[in-house]
Amino acid sequence: MRRGFVLYDGPSAINGARIVVIMTTQTSNQKTGPMPQVWYLVANKEPHTAHKDRDDVAICGGCKHALEDSCYVVLHKAPLSVYRSWLAGKYGTLEEALRWLDYMRPRLVRVGAYGDPMAAPHLLPLLGDKVESHGGRLLGYSHRWKHPTAEAYRRWLMASVDTPADGLRARSKGWRTFRVRTEGEPLAWDEVLCAHEQNRTACNACGECDGESKRPSIVATVHGLRHIVRKFEAWRGGAA
């Protein structure tokens, strides 16, 4: 069985640089649990090098976590493995991916394992319609929710917001939000703490991080490598 598929190889909708979008079918990520996951990668550089050279703007846009080096994703692990498997030609085609989704009928597909889905937004209705036709849903969020073109994709995505004030602005525009907080930072009345943080529920059992709905927005406490947490706390200390 294929371990993944190339969904797209072409210009980024963010800045026009060449990117590749891969859907993997297996994961060892215990937090998410087993589910298909979609990765957005700069095509001509390994992920950690693309980040060092700031070429990851093609897949991350203006995400504060990328700009401030506070992203929890460990680039030399899963993203690098996915990238090298793509270079080695180990992944199938978009057509094979759609047939796989028809056959396997996954309940959930995580469309942002790494990178912003708005780097290739045309894939969202394609994947969404396919997965929803079998009663499934897409999970994901975008830091580009302020961009005028993002509104059309609110059905599938949450707004990834940086501060409580940003969360209020996004929710006033009809978005559900996902926010990373500092330790002990209070929740708004319409936010709830991530289920994994509450009781270790995996994402594939929870399924709350989808787009438009009447459910509360989600907040997670900053986590990851200690130096990443410190960088997040440093820039959040100066943000409202």
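Residues were classed as buried under 20% relative accessible area, exposed over 50% and partly exposed in between, using a 1.4 Å probe and protein chains only. The model is predicted, so local features need pLDDT of at least 70 and side-chain atom pairs count only at pLDDT 80 or more, whereas totals for chains, interfaces and linings use all residues. Residues are numbered from 1 along each chain as its sequence is written, and side-chain values use heavy atoms, with hydrogens and water left out.

H223 is partly exposed, with a relative accessible area of 36%. The residue lies in the loop between β10 (217-221) and α10. Helices (H or I, at least four residues) and strands (E, at least two) are DSSP runs, numbered from the N terminus. H223 touches Y72 and V229, leaving aside residues up to four places away in sequence; contact means heavy atoms within 4.5 Å. P34 is 189 residues from H223 along the chain. The C-alpha atoms of the two are separated by 21 Å.

Two strands pair if DSSP finds at least two bridges between them.

Strand β7 (residues 158-161) pairs with strand β8 (residues 177-181) over three bridges, in the parallel sense. A159 has T177 as its bridge partner in β8. S160 is bridged to F178 of β8. On the β10 side, β8 and β10 pair in the parallel sense over four bridges. Here F178 stands opposite I218 in β10. Three bridges join β9 to β10, and these strands also run parallel. V192 stands opposite I218 in β10.

Burial was then examined for β8 and β10. Five of the five residues of β8 are buried, and the strand is mostly covered. T177, R179 and R181 are buried on one face, and F178 and V180 are buried on the other. In β10, five of the five residues are buried, so the strand is largely enclosed by the rest of the structure. Both of its faces are covered, with S217, V219 and T221 on one side and I218 and A220 on the other.

The loop between β7 and α7 (164-172) contains T163. T163 is buried, with a relative accessible area of 7%. A polar atom of its side chain lies 3.0 Å from the backbone nitrogen of D166. A polar contact is a pair of N or O atoms within 3.5 Å; within protein, one must be able to donate a hydrogen and the other to accept it, and residues adjacent in sequence count only if both atoms are side-chain atoms.

T24 lies in strand β2 (residues 18-24). At 6% relative accessibility, T24 counts as buried. Its side chain makes a polar contact of 2.9 Å with the side chain of W39. Beyond residues up to four places away in sequence, T24 touches R3, G4, M35, P36, Q37, W39, V82 and Y91.

In helix α4 (residues 78-87), P79, L80, V82, Y83, S85 and W86 are buried. What covers these buried residues includes β1 (4-11), β2, β3 (37-42), α1 and β4 (108-114). G89 follows α4 and has a positive phi, near 75 degrees.

The second largest pocket holds about 300 Å³ of space. On a 1 Å grid over the protein atoms alone, a pocket is an open set of points where a 1.4 Å probe fits, with protein on both sides within 12 Å along at least five of seven lines; lining residues have an atom within 4 Å of a point. Grid points are joined across faces, edges and corners, and a volume is the space filled by probe spheres set on the points. Of the 19 lining residues, H51, C71, V73, L75 and I228 are the closest to the pocket centre. α1 (47-52), α3 (64-67) and α10 (226-236) each supply at least two lining residues. The largest share, three residues, comes from α10. By class, the lining has ten nonpolar, six polar and three charged residues. Ala, Val, Leu, Ile, Met, Phe, Trp, Tyr, Cys and Pro count as nonpolar, Asp, Glu, Lys and Arg as charged, and the others, Gly among them, as polar.
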